[in-house]
Amino acid sequence: MRSKSVTGTRGVVWAGVLAAGIAATVHGQQPAATPPPDASPDPVKILVDRLDLEKFKATIKGLTQFGDRRQGTDRNRAAIDWIETQLKSYGCTNTERIKYDYQPAAGRGTGTARGTGAGEGRGQRGGGRGRAGQGGSAIFGNRGRTGVNNDPNLQPDVKLRELNTQPSAPGPREQVYCTKIGTTRPDEMYIIGAHMDGHGWGEAANDDGSGTALVMEIARVLHSADVQTERSIRFALWNNEETGLNGARAYVEQRKDLQGKEDPPGSRRYPEPKWLGMIQHDMMMFDHGMPGPDGKVSPEQRAEADVNIEFQSTAKMAEGAQKLAWLFKAANEKYATDYPAAVGPHMTNTDSVPFMDLIPAISLRENERGAHIGAGWDPHWHQPTDVYATFSDKDFRLGLNAAQTTLAALAQLTGATIKQ
Ligand SMILES: [Zn+2]
């Protein structure tokens, strides 16, 4: 379903056409509805049109074959291998891995349930508290229950329960990324990311199979043989988000000082291009509104569903992040087909946080993390019901609209063009 048609055009080419159109209107006629054949098509529109609901769904489905993909398990490692194979098959062949060690803090077992305050594990029960939510947010209205499920028996699907049985073990960890190299500015890049690990005894379909699939689908589209970008783009699938953003933190620690260095000198190769911005995607599909007084959420995607773009107003780079957020909102208004975007100042609890004092960093989500998700607006969050079968096409389509938003913004930021 399309709610908006965009006649992609470029200003210079159109100047004459617009003038002709205005003249025609003055003379009581309608301007021409279709562009003349010599108008150059809008490359952003062409790229956005290459995103596809069924392909997005298939990628989420592919990720769910590894269950909840909990960090420190064989199913998590198998999912990383699968993601890497997919990226290579799209043409993003220069995959690399960040290696780090993860040891859960004392008293936290193997890092199942409770976050360190940075991850997503801090469940809260509704009712009886003040208005303050996470990330500086304010919570109004009804609340639903939140928390991380640790009870295998709450997963009714026996096969899935078995798949999720192996516990997390401390030790070495990996995460994968690949990079589209810019033609004229290979030394600068935007990073788009999502976390591929999950927990809760489901399939982590929404949290965060949806964000992972979004990043993978954009990698696929931008690696079409006829697409080039002036600047570089890195596609990062973080691990250990749920235990406190450990994968993204490891990336920042290991790579931040390598930015913009040519290696070897004179080669025009930049192993770590300068970071221009980081865009995270975490839970993209479920915006069914506020819980009722009974704490229950509607089973239907609400008509007013939107993509929530958040920056963190207390970050050192808040000013640049805010500008980036507004640019994404404008990209949504021009190119998304079904759902609008809203901007908010309380980005929190996801992999963009370790970047936010260094570079402009934003997150895209189904709801605001602090005020909405934190108040129980997504009853499948970290629950056995976060499985592919829970979601309808209206839910998947909200995720697709976030993909359209990010792809459109990114195409403009990196100077994407299509060879005729
Ligand atoms: Zn998440």
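Biologist: What volume does the second largest pocket have, and which residues line it?

Modeller: In this predicted model, the second largest pocket has a volume of about 250 Å³. Its lining consists of Asn-94, Glu-96, Thr-179, Ile-181, Pro-186, Arg-234, Arg-255, Arg-268, Arg-269, Tyr-270 and Pro-271.

Biologist: What can be said about the volume and lining of the largest pocket?

Modeller: The largest pocket has a volume of about 360 Å³. It is lined by 20 residues, and those nearest its centre are Arg-145, Thr-146, Gly-147, Pro-379 and Gln-383. By class, this lining has five nonpolar, nine polar and six charged residues.

Biologist: Why is the pair Cys-92 and Cys-178 called a disulfide?

Modeller: The sulfur atoms of Cys-92 and Cys-178 are 2.1 Å apart, and the cut-off for a disulfide is a pair of cysteine sulfur atoms within 2.5 Å, so the pair qualifies. The structure holds one disulfide. In general, a disulfide is a covalent bond between the sulfur atoms of two cysteines.

Biologist: What is the handedness of the disulfide of Cys-92 and Cys-178, and how do you know?

Modeller: The torsion about the S-S bond of Cys-92 and Cys-178 is about 110 degrees, and the disulfide is therefore right-handed.

Biologist: Are Cys-92 and Cys-178 buried or exposed, and how do you know?

Modeller: Buried means under 20% relative accessible area. Cys-92 has a value of 1% and is therefore buried, and Cys-178, with a value of 0%, is buried as well.

Biologist: What makes the rings of Tyr-388 and Phe-396 a pair, and what is the pair called?

Modeller: A search of the whole structure finds 10 aromatic pairs. In the pair of Tyr-388 and Phe-396, the ring centres are 5.1 Å apart and the planes stand at 40 degrees. The centres of a pair must lie within 6.5 Å, while planes under 30 degrees apart count as stacked, over 60 as edge-to-face and the rest as tilted. The rings of Tyr-388 and Phe-396 therefore pair, and the pair is tilted. Tyr-388, at 18% relative accessibility, counts as buried, and Phe-396 counts as buried at 1%.

Biologist: Which residues form an aromatic cluster?

Modeller: One aromatic cluster is formed by Tyr-177, Trp-238, Tyr-251, Trp-275 and Phe-355.

Biologist: Why is helix H6 described as largely enclosed by the rest of the structure?

Modeller: Of the 18 residues of H6, 18 are buried, which means that the helix is largely enclosed by the rest of the structure. Helix H6 (residues 205-222) reaches 24 Å from its first C-alpha to its last, close to the 26 Å expected at 1.5 Å a residue.

Biologist: What is the phi of Arg-69, and what is the phi of His-382?

Modeller: Arg-69 has a phi near 50 degrees, a positive value in a residue other than glycine; Arg-69 is found in the loop between helix H3 (53-64) and H4. His-382 is not a glycine either, and its phi is positive at about 60 degrees; His-382 is found in the loop between strand S9 (361-365) and helix H9 (393-413). Arg-69 counts as buried at 0% relative accessibility, and His-382 counts as buried at 2%.

Biologist: Why is Asp-74 called partly exposed?

Modeller: Asp-74 has a relative accessible area of 46%, and the class partly exposed lies in between under 20% for buried and over 50% for exposed, so Asp-74 is partly exposed. Asp-74 lies in helix H4, and its C-alpha atom is separated by 7.7 Å from that of Gln-166, 92 residues apart along the chain.

How values were computed
Residues numbered from 1 in each chain as written. Predicted model: local features only at pLDDT ≥ 70, side-chain atom pairs only at ≥ 80, totals over all residues. Heavy atoms only, no water. Buried < 20%, exposed > 50% of the residue type's maximum accessible area, 1.4 Å probe, protein only. Phe/Tyr/Trp six-rings, centres within 6.5 Å; stacked < 30°, edge-to-face > 60°. 1 Å grid on protein atoms, 1.4 Å probe; cavity = no way out; pocket = protein on both sides within 12 Å on 5 of 7 lines; lining within 4 Å. Points joined across faces, edges and corners; volume = space filled by probe spheres on them. Nonpolar A, V, L, I, M, F, W, Y, C, P; charged D, E, K, R; others polar. Helix = DSSP H or I, 4+ residues; strand = E, 2+ residues; numbered from the N terminus. Expected span 1.5 Å × (residues − 1).
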